[in-house]
Amino acid sequence: MKRYSVFAIAREAARYHDGWERAWRSPEPKRRYDVIIVGAGGHGLATAYYLGKNHGITNVAVMEKGWLGGGNTGRNTTIIRSNYLQDPSAAIYEKSRSLYETLSQELNYNVMFSPRGVLMLAQTHHEVRGYKRTAHANGLQGVRTEWVDPARVKELCPIMNIHGPRYPVLGGLWQSRGGTARHDAVAWGYARACSDMGMDIIQKCEVTGIDTDGGKVVAVETTRGRIECGQLAGIVAGHSSVLAEMAGFRLPLESVPLQALVSEPIKPCMDIVVMANTVHGYMSQSDKGEMVIGGGTDGYVGYTQRGSFHHIEETLRALVETFPMISRLKMLRQWGGIVDVTGDRSPILSKTPVEGMFLNCGWGTGGFKAIPGSGWAMAELMAKGHSPLTAEFGLERFREGRFIDESVAAGVAH
Ligand code: FAD
Ligand code: PYC
């Protein structure tokens, strides 16, 4: 792989940019791999990357039914934070946030990580108590967050109306090292690095069946034929229950549409991320100047990558009362993804009833921020059979009642 650098840009500028090579190869699938990962979203690609980088396992294929990064990874609003309540969550989300800090250098690919700060507004006394509790818990976990008062909120985000027609802003939970990154660059950067290690990323290849022998996974059936494997990881977000059904077991999660929209581009007016969970909407400004906006999930199970119309209206109503100046903005695009939501709003990183098959799913509305940490932890689980970061996130917690309740920290109404 040729390194990207300022010298490479200058060199290519001088020769009409005809020397760039493809960022990743598009090989024909081999008959057998040591590891097959289903799903070339951020989590699947990051898992492959850390399998190679941290554990030397490179006979790996990542199978993708569409195009890489075309699932939720390329559809999210890119908010990165680690202000969760429970210790196992803080550990994996903070690992992830800290990996984001140097990911561009690590991958030699600009993922445009922007630690601009994330502010979660408290607009009821219940939220004030909840977020103060989170700030205290984060202090004990070594995660840097703080409670800020309304005057500081206004200072951080001058375009905000803190008096609110319905809910005045009573303060907020501020994580100054939270922020955003360019979502598809994260997928592309990992894909390029995986390809460089000799791994095969097979796009337009849907896994349609899972073959087992004596309770152990031996191969997958795909739209490009049968491919054998030593280990299999299902990392397919909203399609996790479909994949689990192929392997003969059920998962404790529901798939629901979650949508987002962007406005026309405007001059810089907001340099932090704001989440307003009582009125329910969140917003940041992209580098292009568009306001990036999102709301809650649909109230019913669905596989449309669209989302229902009333959510657009509810989300914009919430944001117009929080940021009155956006009332005259035109909205440009709207889209949806299918998110996989567990009962405790925490992910599943786990072995499964099928020997050799692993699952990484249940990130629901909040898995973009977790991509590097999840990949790191999942690779460790697959290579060594255990990982301190995944220990509490096994499937068995639902049977044993050891829930990791993050319904408040999830930040998005389900
Ligand atoms: P995906 O990126 O969905 O990748 C899974 C891949 O598996 C897909 O490409 C799919 O095509 C493929 N696949 C499925 N079935 C098969 C099969 N049978 N064979 C082969 N391939 C298959 N998180 C945050 O942290 N911050 C946010 O601000 C945020 N905002 C969001 C806003 C929206 C609108 C949405 C939809 C999600 C948001 N999220 C956010 C959540 C985040 O996007 C996801 O948790 C994360 O991207 C999941 O990544 P993934 O790699 O697990 O899944
Ligand atoms: O998890 O921070 C988050 C988030 C924001 C919007 C959607 N998910």
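Predicted model: local features only at pLDDT ≥ 70, side-chain atom pairs only at ≥ 80, totals over all residues.
Q: How many residues surround ligand 1, and which are the closest?
A: A residue is placed in the shell when one of its heavy atoms lies within 4 Å of the ligand. For ligand 1 that gives 35 residues, the closest being Glu64, Asn72, Thr73, Thr77 and Gly367. By class, the shell around ligand 1 holds 13 nonpolar, 17 polar and five charged residues.

Q: Which helices and strands each supply at least two residues of that shell?
A: Here one asks which elements the shell residues belong to. For ligand 1, α2 (42–55), β12 (253–263) and β16 (331–342) each contribute at least two residues, and the largest share, three residues, comes from β12.

Q: Into which domains is the chain divided, and how far apart are their centres?
A: A domain may be made of several segments of the chain, as the bounds here show: domain 1 comprises 26–82 + 84–108 + 183–251 + 344–410, and domain 2 comprises 118–177 + 255–341. Taken over C-alpha atoms, the centres of domain 1 and domain 2 are separated by 27 Å. The shell around ligand 1 draws at least three residues from each of these two domains.

Q: How should I read the boundary between the domains, and how many residues are in contact across it?
A: One can count contacts and also consider the area buried. In this model, 29 residues of domain 1 are in contact with 29 residues of domain 2, and the two domains bury about 2,400 Å² between them, 55% of it on carbon and sulfur atoms. On the domain 1 side, Arg75, Thr77 and Leu85 lose the most area to domain 2, together 25% of what that side buries.

Q: Which residues are around ligand 2, and which atoms make polar contacts there?
A: The residues around ligand 2 are Thr77, Ile79, Arg81, Met275, Tyr282, Thr365, Gly366, Lys369, Ala410 and Val412, and by class they are five nonpolar, three polar and two charged. Oxygen atoms of ligand 2 are 2.7 Å from a side-chain N or O atom of Arg81 and 2.5 Å from a side-chain N or O atom of Lys369, while a nitrogen atom of ligand 2 is 2.7 Å from a polar backbone atom of Thr365. Of the 240 Å² of accessible area that ligand 2 has on its own, the protein covers 96%.

Terms used
Residues numbered from 1 in each chain as written. Chains lettered and ligands numbered in written order. Heavy atoms only, no water. Helix = DSSP H or I, 4+ residues; strand = E, 2+ residues; numbered from the N terminus. Nonpolar A, V, L, I, M, F, W, Y, C, P; charged D, E, K, R; others polar. Domains from an automatic or database assignment. Contact = heavy atoms within 4.5 Å. Buried area = accessible area lost by both parts, 1.4 Å probe. Polar contact = N/O pair within 3.5 Å; in protein donor to acceptor, adjacent residues only side chain to side chain. Areas by Shrake-Rupley, 256 points an atom, 1.4 Å probe, with all protein chains shown as cover.
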